[in-house]
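Colleague: Could you take a close look at one part of this model for me, and then walk me through how the rest of the fold is put together? I'd be glad of a connected account.

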Amino acid sequence: MDRMQGSMGTLSAMQLTADTSGLDAECKALLHRKEVVSIILKGTVEEYEGYSMEEIMGFIEADSMEEAKEVSAGRTNAQLRGDNAEFAQLNEKVSFFDLLFRAKNPVLSEEGMLPGDSMRVDLHIDIEPQKTYRPGYPIKKRGLYYLARSLSAQLSLVTEQTDYGGLEKCYSIWICRDDIPKPEQYSVSFYGIANTKNIGDCTVNKKDYDLIKLVIIRLGDKVYNRDEGSEGDWLLRFLNAIMYPHEEDFMDTVSEYIDFSANEELWKETNGMFSLGQCVWEDGREDGIRAMIRDNLEERTPAERIIEKLQRHFELSKERAQMYYEKFAQEE
């Protein structure tokens, strides 16, 4: 699995959400970190298949990442591209995008031979964390409404000369945490526009109608129980770790996706906050190694698993991790 380098801001956000019992502001702040967003996009956006998380981070247009965008017609356009007179009189109920941003579409973008000769095409992406899957209406219908608003908001005043050819694809990704029916727990559904029937001889170009994609991610329980390596496991296991109060193996899971070990100072600044590697630099490297081994032995973690954790957390070779294990396990 490829990993990306983690920032101090993301580590701090993870510490602040250690005891999160609901989708409060701190939890949503974590979901808005670029490292976390890139993991979500890698697992849901078909245009990013085959790209690393570092590359996906580079696709995100950071200046476009904004929260609490109004969804209602006549308002969304005012915030993105200017007033849209066609919808201003509808007076719809006000609701908000949680995190709306643009990211490069590498499939349709073209790299020019000369500087300034490139053509960039974006994806318009909305990520919506939800505490409940059953708020009293189908989440899917709300997601489709958000997509319709995100699509129409790309155009300013609609006239006879409006260039509909400039519309870019929109994603709405919903991460639902609680109240999931048992059979649907730890599942992901994708909804889009499909060409369902053709009469006569015609050529259908998918890029001309493939403009919206709704993704519904269903979690279900703080104890993750899906088979390792099954389809979707890579994404669901990460989201399960960050969306519930953190379990003892939280950092073990996160470290498989995000690497925080490169910057020693970053680890030192975590002292006294939460044990996301707090022991690593707190009282010296060996004290941290000893603490990890003893804690895992108390949990009856197998020796092989402990050695793997030492390798990952402390950047040790297997032989050196084995040496530390034999040294400190004897103290028990």
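Modeller: Happy to. Leaving out residues up to four places away in sequence, His313 touches Met251, Asp252, Ser255, Ser261 and Met292. Please keep in mind that this is a predicted model. His313 sits in helix H12, which covers residues 303-314. His313 counts as buried because its relative accessibility is 8%, and the cut-off for buried is under 20%. Glu256 makes a handy reference point for this site: His313 and Glu256 are 57 residues apart in sequence, while their C-alpha atoms are 10.0 Å apart in space.

Now for the wider setting. The protein has 13 helices and 8 strands, and 46% of its 332 residues count as buried. Among contacts with a separation of 6 or more, 69% are between residues 24 or more positions apart.

Helix H3 (residues 34-44) packs with helix H7 (residues 233-243) at an angle of about 150°, and their axes are 9 Å apart. The crossing of H3 past H7 is left-handed. On the H3 side, the contact is made by Val36, Ile39, Ile40, Lys42, Gly43 and Thr44; H7 brings Trp234, Leu235, Phe238, Leu239 and Ile242. Sorted by class, that contact has 8 nonpolar, 2 polar and 1 charged residues.

Take Ile217 as a guide to the surroundings: with residues up to four places away in sequence not counted, Ile217 touches Thr44, Ile173, Trp174, Ile175, Cys176, Ser187, Val188, Leu235, Leu236 and Leu239.

The structure holds 0 disulfides. Cys176, one of the residues touched by Ile217, counts as buried because its relative accessibility is 0%. Cys202, by contrast, has a relative accessible area of 40%, so Cys202 is partly exposed.

Technical notes. Residues are numbered from 1 along each chain as its sequence is written. This is a predicted model: local features need pLDDT of at least 70, side-chain atom pairs count only at pLDDT 80 or more; totals for chains, interfaces and linings use all residues. Side-chain values use heavy atoms; hydrogens and water are left out. Axes are lines fitted to C-alpha atoms, for helices over the stretch in contact, and angles run from 0 to 180 degrees between N-to-C directions. Helices (H or I, at least four residues) and strands (E, at least two) are DSSP runs, numbered from the N terminus. A crossing is left-handed if the near helix is turned anticlockwise from the far one by less than a right angle, and right-handed if clockwise. Contact means heavy atoms within 4.5 Å. Ala, Val, Leu, Ile, Met, Phe, Trp, Tyr, Cys and Pro count as nonpolar, Asp, Glu, Lys and Arg as charged, and the others, Gly among them, as polar. A disulfide is a pair of cysteine sulfur atoms within 2.5 Å. Buried means under 20% relative accessible area, exposed over 50%, partly exposed in between (1.4 Å probe, protein chains only).
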